[in-house]
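I looked up backbone details in this model and kept short notes. The entries follow the display.

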Amino acid sequence: MSDTAKTTASPQRAGAMSLTLGPWIVAALLLLVLPFIFDNNSSITIMNQMWITVIFALAYNMLLGQGGMLSFGHAVYMGMGGFLCMHVMNYVEDFGIALPLPVLPLFGGLFGMGFAMLIGAISTSGAGTRFAMISLGVGELVAACSVIIVAFFGGEEGISGDRTYGLPFFGIEFLKQIEVYYLISFWLMLSAALMYLFSRTPVGRMANAVRDNPERAQFLGYSSRWVRFYSFMASGFFCGIAGGLFAINYEILTEENLNTSSSGIILLVTFLGGVGFFFGPIIGAIAFTLLQTVLSLKTELWAFYAGALFLATVMYFPGGLAGLIMMHVPAFKFRNAGKLVMPYVKTLIPGLITVLGIAALVEMIFHYRHASVGDDEMTIFWTTFDSHSVVPWVIVTVITAIASYITKTTAPDLKEAWGDANTPPTTGGDA
Amino acid sequence: MELVLVNLIDGLVTGLLLFMLSAGLTLIFSMMGVLNFAHASFYMLGAYFAFQISLALGFWMGLLIAPIIVGVLGAGVERYGLRRVHQYGHVPELIFTFGLALLIEELVQFLWGKNQMAYNIPDVLNFTAFAIAGNSIPAYKIFMIFISVAIFIGLLYVLTRTRVGMIIQAALNYPKTVEALGHNVPLIFMGVFGVGTALAGVAGVIAGPVLGTFPGMAFVLGSIVFVTIVIGGLGSLWGALVASLLIGWITTFAKSYNLAMSDVLNAIGIATPENLADNVFRDLWTVTSPQIADILPYILMVLILIFRPYGLLGNRDA
Amino acid sequence: MRKSMKLGLGAVLALTVSSAAVTADTIKVAFIDPLSGPFASTGTNGLHQFEFAADYMINQNGGVLEGDMFEVIGFDNKISPKESLIQLQVAIDQGIRFIAQGNSSGVANAITEAVNKHNKRNPDDRVLFLNYAAVDPALTNDKCNFWHFRFDANADIKMDALTDVMAADESIKKVYVIGQDYSFGKAVAAAAVANLTAKRPDIEIVGNELHPIGKVKDFTPYSRKIVASGADAVITGNWGSDMLGLGKSVIENGYTGPIYTYYAAGSGITGAFGETGKGVIRLVGEGQINPPVSDAASDYYNAFKVKFPDGNVDQPRISNVIGMLAQAINAAGTADDVVAIATALEGMEYDGIFGSKIFMRPNDHQAIQDVHISAHTNEGVTFTYDGSDYGTVTETTVSMAAMDSTSTCDMQRP
């Protein structure tokens, strides 16, 4: 049996995130306060998108990180939930049913779960490549159906509705983005908590066992197939909730919500954050949304940087961003973190300058090749200069070269300090 | 009736093109367990390199040089990228190829821009070979068939008749044992990856002029290559061939004949509902075979995975 | 660590927003179209044409009102409805009041609904949607609203003009209709069949089919059917690589008649068709490029080529969008009150650079203008496309096409 998805980067460590309420309270407070710091609509819109992606990525990681199942068609469950919610929303409007908007995502969740049950009955009989390829096939099928079955999916234009036609919920009509923000934040906290608790239930624990060694789990009397099935259903439920929130936030669902690109992106997002930790996908979703939405405002080459970031992550930090953060836990435990500060400053700042310098060169080449004739001025990092004169090229190249040289020469010191900070010997810092 | 013959030829061309991509991929997949998402990107690189070379040296030099460059690039990716990631497991490997595909597409756009390239069939081959009932068969298609069959025979010979081929076959199934016998398995991996991507490059070189050379050409090809090797059976060259031809013919015939769902349903005794326009399933009733032709392979794959997880000619569980 | 992540995010958001400070004397137009991904070439070319038109027509002539300058800002929507809505919100927050979009009717549909809802919910910062290329007829019929203006002739109008020309050609007896399986493809097919049966009942529609959009690798099976049907003419609404793939494949497999289509020029397609498309490709569209209608049009095109040597003016209507917006702002005397500007746009008559008079019909906000049928050729081409020897030359003109056509639009004015 090929074990494509069996071994993931680093196993979920018990106690990596303790059961204390601390982080949850901090997160809830942050969710409450953030809109007061960034009170314009676009920040709130971007955060809405971020939190929806967070739920989706967490749900995806229930399979990938916790269950070791690689799905290539997971956008389907989110999309299906979203489409159903949109239909319910329109139904409520047409027939004037007393259904408050905040409970709408629940319908999406249930529908997502129902669809996951249907597909899971076939696909969870095997893990690895078989599961992955069935998910790919089903994903393509549903995406193709979305264009063909116009009655449910609305064709290429999708279906749209209006969230404000429902009954006001305690006087809130959801006219403003900020009201939707708090609705999404509420569901985010609720879903994240439920998903976290799920990973602590016997089923969640068994999902880890089945991921690591299905045969052994079988010998212990657990059906790995049923364990996978339950995980799949639970994941489908939370995907559906994310879909319902999408329907409320954007008031439109299209083919894009189902297609394989969306499925691929959520895999990348989850991996970027780190599949080995519960909070990994949260970081991944935040980082990727910033990359896609905010960086693309700044440069047309955002996808180029995204691709490079994925390659760098997978080659040097297979534990993802979360793994990178958790690498430092031992040093803190040994109260050695202070030893790392100076070497970090010495290596990472030149390292950062090197990366930014290379990015600047890439942007300059791009500008030189593609800008219109006569448009010689370009601006990077708040500096405007003439991309067709030699001086800026020399300056950027020299800065990059020097920074890269410093990084190279100080790297051994960092390595040494790292080893130093992580003694007495431990297995925690090897990810 | 003549149309059937024409469709058979067209399906053969499509199938053989697919085979050139899946042949390399099935070896890579079964050897390393990697779903190489960047495989189609190497196909695209083949087309772009050949276009660039053909501007200076003509089509034939492009056909010769471009696959070699692509193969070297592929080997380099294996040596300096995949091999490093291999130790972390299969999911990171997969993400690596995913990111690579993204990066290659962006690089191509960066270097060649976003427009369609004017990469055309060489004048020597730009004539009608023969016609069947008014349907002309371009000489270039015959050329494509010739090239792919030659490659298939060559591959089959190397894999079954040479010492290198024997070692590769052994390494497919028992890499540890082969390594213990003193063979350099990492080198074999690199070689297979290089040859596999070079084959994808050849496919790109000869498909570029007919299917278009543009930054989305890898994306359009999509995941159909994986579908092919899963249907055919992992690691089986014959399986890849059979599956490629099957997919080529199924999609060609489905597109050529407007078979409507309502005809099928009527034939098996289900009557068309009275007021179709209000029916919930109205879209299903009006579906025609050209609309769903391109998703038929996916349906076939899901069915195969349910009923025969080894694939048509494979001997290993997927 | 979560905290620090969020603080980092905060910093980035603050950065984005701070760079958005609005200066009083520029009028910003948000251009929301794909600037990355598979459709980036069309989007980028469109952005260049907008930037050029704003600069050449307005800013170099002293701007509008009391010297206010135009600025076109590109927003990359990756041709995704979701991303478009996010970018729309970002644009609105930057104080932009004019949204230009054109690629994909699906995206246009999402934007027009979002703009309508936004303007209803936020009367203080309303925006206008200047649709320069999305031609799904529904946008100025059932789905019309006060904030949406379409500057291109819609699919029905173009098909009306196209079938006028086809009906006059007695040699056409059999027609094959093929298109992409989505709203626009279906609209083209429906309009083609309706117009042909009305104008030339003797023409037989020998094929009418849809293929998946952007998914077909090889068009050979479709071309076989077209050849086998004995069609004298093919009508298609395909665009992008679907257009090139279909066209090349049909010609390669033995079809010799004309292909009547909408989008087979520029963005590399003219160059890639080259000699194969000569005498076959017939395009319908607005704005006459060849032969040049006037010195002003030639100057405009030459100035564009100086700035963008690799670009084409393949969407002449973009100059009308900028010109009419400027005229409306001057007439309304304000660049902030979009209701006044929209009212000024309604019923406006404007003399376009590329030869046509443009009338913005008040009842559905559809621009009425001359529609041309042109041929892909290398003879008599003053302005070529894609750096090749080929371009489009106007053969027939239908003046003020579909002036008195009906619309189901029920315009709700604020």
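## Backbone notes

I started with the loop between strand S10 (281-286) and helix H10 (295-307) of chain C, where C:Pro291 has its place. Helices (H or I, at least four residues) and strands (E, at least two) are DSSP runs, numbered from the N terminus. The peptide bond joining C:Asn290 and C:Pro291 is cis, with omega about -15°.

The model is predicted: local features need pLDDT of at least 70, side-chain atom pairs count only at pLDDT 80 or more, and totals for chains, interfaces and linings use all residues. Residues are numbered from 1 along each chain as its sequence is written, and chains are lettered from A and ligands numbered from 1 in the order in which they are written.

Next I looked up positive phi values. Most residues other than glycine have a negative phi, and most peptide bonds are trans. C:Ile79, not a glycine, has a positive phi of about 50°. I found C:Ile79 in the loop between strand S2 (69-76) and helix H3 (81-93) of chain C. C:Ile79 counts as buried because it has 22 C-beta neighbours inside 10 Å. Buried means 20 or more other C-beta atoms within 10 Å of the residue's own, with C-beta atoms placed from the backbone.

C:Ala402 has a positive phi near 55° and lies in the segment after strand S15 (391-398) of chain C. With 21 C-beta neighbours inside 10 Å, C:Ala402 counts as buried.

Last, I turned to chain A. Strands S3 (residues 377-380) and S4 (residues 383-386) of chain A pair in the antiparallel sense over four bridges; pairing requires at least two bridges found by DSSP. A:Met378 stands opposite A:Phe385 in S4(A). S3(A) and S4(A) form a hairpin with two residues between them, and A:Phe381 in the turn has a positive phi of about 45°.

How values were computed. A residue is buried if 20 or more other C-beta atoms lie within 10 Å of its own, exposed if 12 or fewer, and partly exposed in between; C-beta atoms are placed from the backbone.
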